[in-house]
Amino acid sequence: MKLDAFLRASGLSLSAFAQQVGLSEAAISRYLSGKRTPRADAIRRIVRATRGRVQPEDLLPVLSAQDAAPPAPNLHDPDPPAGPAPAGTAHTGRSRADGAGLDGIDLILPDLMAVERGKRVPARDLPGIRARGIRLPESMFSLDAMGRNVFGTGIVMERGDEDRPVVPVDGQLIPAPWSDGRRAVMLMTMRQEDGSPHFADPRTALTRVADRLAADGLAASCAVELEFYLLSTDRDGAGRPRPAGLPRAVAESAAGEEALSTQIQVAALQRLDAFDPVLSEIARGCDAMDMVVESLCAEYAPGQFEVNLRYVTDPLRAADEAVLFRHLVRQTARRHGLQATFMSKPFAALSGSGMHVHANLVDGRGRNLFARGDAGANRPLLQAIAGAAETMAEGMAIFAATANAFRRFGPGSYAPVSPSWGIDNRTVALRIPGGPARSRRIEHRVAGAEANPYLVIAAVLAGIHHGIEARLEPPPQSRGDVADGRLGQDGAPLLPTDWPSALAAHDAARILPDYLGRDFWRLYGHVRRAEMIRAQAMIPDTDYQLYLDGM
């Protein structure tokens, strides 16, 4: 669909669409008139904002019958995104649109856990990939975190483990900085044979929620905040991981993890200096991949860092960037002889790693619904909080998706155990950060860092929409420390903080399945329960330490 046809069909004004996309109105006008070809980033924004109804070929010159690959967009387009770009940010890092100079392309299809699965293909296959995609087993969405098939979902052996079409999300090549310019990546999504979205693809679940918002004239702006550890590839005497950069005396201390508590140094700039080679390469990689890191700091443990990705006007892009960022960090760390992990709780005595989702809603004119008046009296904001709180237990199997994820919750951990909310209070589940009203948002602080960003954002936005649609009233605002889990301190019930309870809440859910899709909801619960059963059957080292000699 051409862009002008989309605007007529959607009823959006040029100004409203420009605000939604994050480009200037003048730039959109030039694209519509054909006076300028959009650059790669602008194409990506428009495709995302139109949910794929406008495709890259709709924005580029007509192709010859012999060349199905679109020509390279003008990467030197002077039209900037609306609003100032962060200092030092480059927006010209896309790979050549025709794949020239590349050895191969990694086609990425994130699975239920957002593990990057797919294929590596020669760059010469790019025109065919853009035109026809590839085919992969639909059982890609019936794998546990170990990559093993989970049977009984209806999409594995029951149908002969059939293939389904897997097509590019937007056809854009994204540089793979860790490959020294030899490869690029391309995000993919699975379709049914008739071309409709595949119900099991997490991207489809988030698209469903975004469409529900759009049907009410709303759109979501989101940002993802991620914590992760950089680990030494050397293990301790028991074969366990340890944070990178520890002094030898601490690393070899007989006190084990307790010795690590002397190395916290939260927000210490010297921590960033100590890891400058790898962190700087990650920052350059983000620039090359057109991802903007707004801030980076040392977190509350040795070797642990926190990154804030930019606020974007499309929740799908926010999820894409979170997936790509994790991939970039792991690959870059490997190049520096380190291991990066987004595992929720790699060390019992140290801080866990979370994924915080920042979100607000904008209307058709691009206005933040949460910005009006005082935060404690803004009806849409309070209703959104109420919906997110009401659906939080239903979503716990998404927010905490592994056995390890539940080890993150505990007293003094900053990992909330009740659906509480408060203004500028880091001990609650739903925090309203301080700052100017125009940037007012909800910070959802429950998910572990290894969770699937598509599903976390989908569950968060579904709860927000539900609260506004049902005009719910939030629980009383929590004040002070509510992170120790004492029922009654904030008047809110505890969340499920173990895997069986979270999956029981998942099965009993009555709101989120309608948003993410009931078929998807059943599939996800089945796969995660199968992994839970497998994990429970494994014998951990602690069993031997506690029971082998004395029983």
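Reply: Let's begin with Arg183, which is buried at a relative accessible area of 13%. Here "buried" means under 20% relative accessible area, "exposed" means over 50% and "partly exposed" is in between, with a 1.4 Å probe and protein chains only. Before going on, please note that this is a predicted model, in which local features need pLDDT of at least 70 and side-chain atom pairs count only at pLDDT 80 or more, while totals for chains, interfaces and linings use all residues. Residues are numbered from 1 along each chain as its sequence is written, and side-chain values use heavy atoms, leaving out hydrogens and water.

What does the side chain of Arg183 meet in a salt bridge? Its partner is the side chain of Asp106, at 3.8 Å from N to O. A salt bridge is counted when a side-chain nitrogen of Lys or Arg is within 4 Å of a carboxyl oxygen of Asp or Glu. This pair connects distant parts of the chain, since Asp106 belongs to strand β1 (residues 104-110) and Arg183 to strand β6 (residues 183-190), 77 residues apart. Helices (H or I, at least four residues) and strands (E, at least two) are DSSP runs, numbered from the N terminus. Asp106 counts as buried too, with 12% relative accessibility.

Now follow β1 to its neighbour. Strand β2 (residues 116-122) runs antiparallel to β1, and seven bridges join them; two strands count as paired if DSSP finds at least two bridges between them. Across from Leu109 you will find Arg117 in β2. The hairpin of β1 and β2 has five residues between the strands, and there Ala114 takes a positive phi near 65°.

The largest cavity has a volume of about 40 Å³, and two cavities of 30 Å³ or more turn up when the whole structure is searched. A cavity is a set of points, on a 1 Å grid over the protein atoms alone, where a 1.4 Å probe fits but cannot get out, and its lining residues have an atom within 4 Å of a point; points are joined across faces, edges and corners, and the volume is the space filled by probe spheres set on them. Pro110, Leu187, Met188, Asp201, Pro202, Arg203, Asp320 and Tyr454 line the largest cavity. β6 and helix α7 (202-215) are the elements that give two or more residues to this lining.

Pro202 lies in helix α7 and is buried, with a relative accessible area of 1%. Between Pro202 and Pro110 there are 92 residues of separation in sequence, yet their C-alpha atoms are 7.8 Å apart in space.

Asp144 lies in the loop between β3 (134-137) and β4 (163-168), and Arg534 in helix α17 (residues 518-537), so the pair ties together parts that are 390 residues apart in sequence. Asp144 is buried at 0% relative accessibility, whereas Arg534 is partly exposed at 22%. There is also a network of salt bridges, linking Arg135, Glu138, Arg159, Glu162, Arg164 and Glu193.

Another salt bridge holds the side chains of Glu321 and Arg310 at 2.9 Å, N to O. This pair links Glu321 in helix α11 (residues 315-335) with Arg310 in the loop between β9 (304-309) and α11, 11 residues apart. Both Glu321 and Arg310 are buried.

Six of the six residues of β9 are buried, so the strand is largely enclosed by the rest of the structure. Gln304, Glu306 and Asn308 make up one covered side, and Phe305, Val307 and Leu309 the other. Strand β7 (residues 219-232) pairs with β9 in the antiparallel sense over five bridges, with Glu227 standing opposite Glu306. Strand β8 (residues 293-298) is also antiparallel to β9 and is joined to it by five bridges; here Val293 has Leu309 as its bridge partner. β8 and β9 form a hairpin with five residues between them, and Gly303 in the turn has a positive phi of about 80°.

Terms used
On a 1 Å grid over the protein atoms alone, a cavity is a set of points where a 1.4 Å probe fits but cannot get out, and a pocket is an open set with protein on both sides within 12 Å along at least five of seven lines; lining residues have an atom within 4 Å of a point.
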